[in-house]
Amino acid sequence: MADKLLHITGLRASVEEQEILHGVDLTVNRGETHVIMGPNGAGKSTLGNVLMGNPAYRVTGGSVIFAGEELLRKTVDERARAGLFMSFQNPLEVPGISLENFIRTAVEQRTGQRIRLWDFRKSLRRMLDVLQMDESYASRDLNVGFSGGEKKKAEILQLLMLAPSLAILDETDSGLDVDAVRTVSRGIEEFKKEKASSLIVITHSAAILSMLDVDRVHVLVDGRIAAEGGAELIDEIERDGFARFDTREA
Amino acid sequence: MAGEKTIVADVDRSFYDFRYEEKDAFRVAEGLTPAIVEQISREKNDPDWMRAFRLRSLEIYNRSVMPDWGPSIEGLDMENIVTYVRPNTRMSAAWEDVPEDIKSTFERLGIPQAERESLAGVGAQYDSELVYHNVREEVAAQGVVYTDLESALRGPYADVIRERFMKLVPPTDHKFAALHGAVWSGGSFVYVPPGVEVEIPLQSYFRLNAPGAGQFEHTLIIVDEGARLHFIEGCSAPKYNVANLHAGCVELYVGKNALLRYSTIENWSKNMYNLNTKRAKVEAGGKVEWVSGSFGSHVSYLYPMSVLAGRGARAEFTGVTFAGAGQNLDTGCKIVHNAPDTSSYVNTRSISKSGGVSTFRSAVVVTERAENSKSAVSCQSLMIDSDSRSDTIPAMDIRTDKADVGHEAKIGRISGDAVFYLMSRGISEEEARALIVSGFAENVSKELPLEYAVEMNNLIRIEMKGAIG
């Protein structure tokens, strides 16, 4: 039997009293790369946010077992420390905290021990290099004045430094030019070098997927998984769109 | 969100609330009379002019009215304030000679360590007398004088002090300036000769220990032409039920083309009335830089003033004020442009939490003589919860058309999205909030030497977490 890392059953969630997810089932095994595709408003980002524990969303039913424990009972920071990571679509600007200090604080919280500055700097420099980011980014305030592409790279930098067991990438490719998508993909490849790392890529375009070895594709339409399949589904969606999955009456 | 919500509890200042049994060598009767003032003067072996000055100040004190325009100071009963408490020791130049209980107080606050790390000299005032005073040899070798004010009054700089003592802040300024003039005790005198650059900061640390004791230290700093100095003042006091009063006075003389940075982290206990008066006079081409962090006290009135007296003189004020439960902190600054081509830059942050009130009050005066002067004032406020209050009261008095004066104010709250974002990286809610608030106050912390920036961030953490491990 495959090694289940994430097991979602019947997940329902709403925002501002409106139900967005109507019962989602999804399983991700260790080491797998999953893709969630779907039209705008289908609930893709809601799913990511609910898994991470965004307080703006309310879970109304279902269960999420992550690494053998119920995720929904954990606080946001406990989820992160348990090995879950989500890259934000629009990462927030936090003045007065440098990217470097932020990542170091986060890594120390995640591992529960202090790391030597020298060791930390060394691995940070290596990851900055993978992402073709200038070292000066490390001393800049977290996301403050970063361009859209820089913010996305900073998210992937955090991913690499935190080395979670499951990363959810929420529309990480949106708004990026071809070169930036390539750089970000290189970062994701670096993350996937660790064989047991799992990935959920939320996207509505296939550009970023061509560089990834996809195990499973889930099509999310109107708050439900409407179809599942292998990487071949990506080509079909590229060609035909989501129309055939939409079972709602016109 | 699943899980328990963190309670951002009331401030627990217990870390700073350690204290020791009082062993006063000498203590005056409560209340204030000419006899008491004379007794203080005798005990201090004042020169005659100083005794006369004290008595004159007492008269002014007795006929001046209490301020009625700021936070209430009704809890203050001068009849019950013991104005003078001297610890049971003589001034000492070696740390080892300082009595054990006093020493451990300072050691808990990290003072000797800080000195060993990077500071040029430490003057630590325990209640009213300096108990420890030391200037590193190389600083003294540059001709820099750093001593307690009382012995300086009888030393080679006696005349210099007489010319300047309470000339920037005269006893007629307000009731508590008059009180200060009458009962001042302890404090520092610094003189930096022309052209001398003091590379490492000088620091002093004030601490009140006796219940009901007022602290009236006087700091007089002269940075002569072309010289440079960074002076750091740190303050804290343990907590008592009796109201404590702090009415210190700081007078800074910044010479032509000289630079003085004056940094303060005040962390008085929450029953303290902090009515401190600070003023700088800056000559042509000189610059004063104030860096100010106000965390403690029950009520503060604190508005360091810079008088730009010579052409091209400059002032910068960078401040942060954190008002928690039961605190009403009225802070800000005052700038007087009284010469052409002068400039001032004010950048402050205020934080209020758990019903705390924080008011930013500023005054910018540009006189007719101050053509081509520039002033920019920016203040930002952060309210941690809906019980707290934040006010901004900027005043401007511009008497020339040829001046460029700007003011900017912003008020905000901690964004829930930002807290979620930081937590999603494994940082606890408390820590996330503390990080955001520390980041907000970074304008000040980045201007402080590392040990002080760390202490300030720890204070923010204590305030935000409500308890420390």
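Predicted model: local features only at pLDDT ≥ 70, side-chain atom pairs only at ≥ 80, totals over all residues.
Let me begin with the two chains, where 27 residues of chain A are in contact with 21 residues of chain B. On the chain A side, the elements that give two or more residues are helix 2 (76–81), strand 7 (94–98), helix 3 (99–111) and helix 5 (148–162), and of these helix 2 gives the most, with 5 residues. Sorted by class, that side of chain A has 14 nonpolar, 7 polar and 6 charged residues.

Staying with chain A, there is an open sheet of 4 strands in the order 2-1-4-5, with antiparallel pairing. Strand 2 (18–29) and strand 5 (69–70) stand at its edges, and because each has a single partner strand, one side of each is left without a neighbour in the sheet. Strand 1 (residues 4–15) and strand 4 (residues 58–66) pair over 7 bridges in the antiparallel sense, and Thr9(A) has Ser63(A), in strand 4, as its bridge partner. Helix 1 (residues 44–52) of chain A lies across strand 1, strand 2 and strand 4, running at about 75 degrees to strand 2.

Now to chain B, and to Val190(B), which is placed in strand 6 (residues 188–192). Is Val190(B) buried or exposed? Val190(B) is buried, because 25 other C-beta atoms lie within 10 Å, and the cut-off for calling a residue buried is 20 or more. Beyond its neighbours within four places in sequence, Val190(B) is in contact with Val145(B), Tyr146(B), Leu202(B), Ile221(B), Leu229(B) and Phe231(B).

Conventions:
Residues numbered from 1 in each chain as written. Chains lettered and ligands numbered in written order. Contact = placed C-beta atoms within 7 Å. Nonpolar A, V, L, I, M, F, W, Y, C, P; charged D, E, K, R; others polar. Buried ≥ 20, exposed ≤ 12 C-beta atoms within 10 Å, placed from the backbone. Pairing = 2+ DSSP bridges. Axes fitted to C-alpha atoms, helices over the stretch in contact; angles between N-to-C directions.
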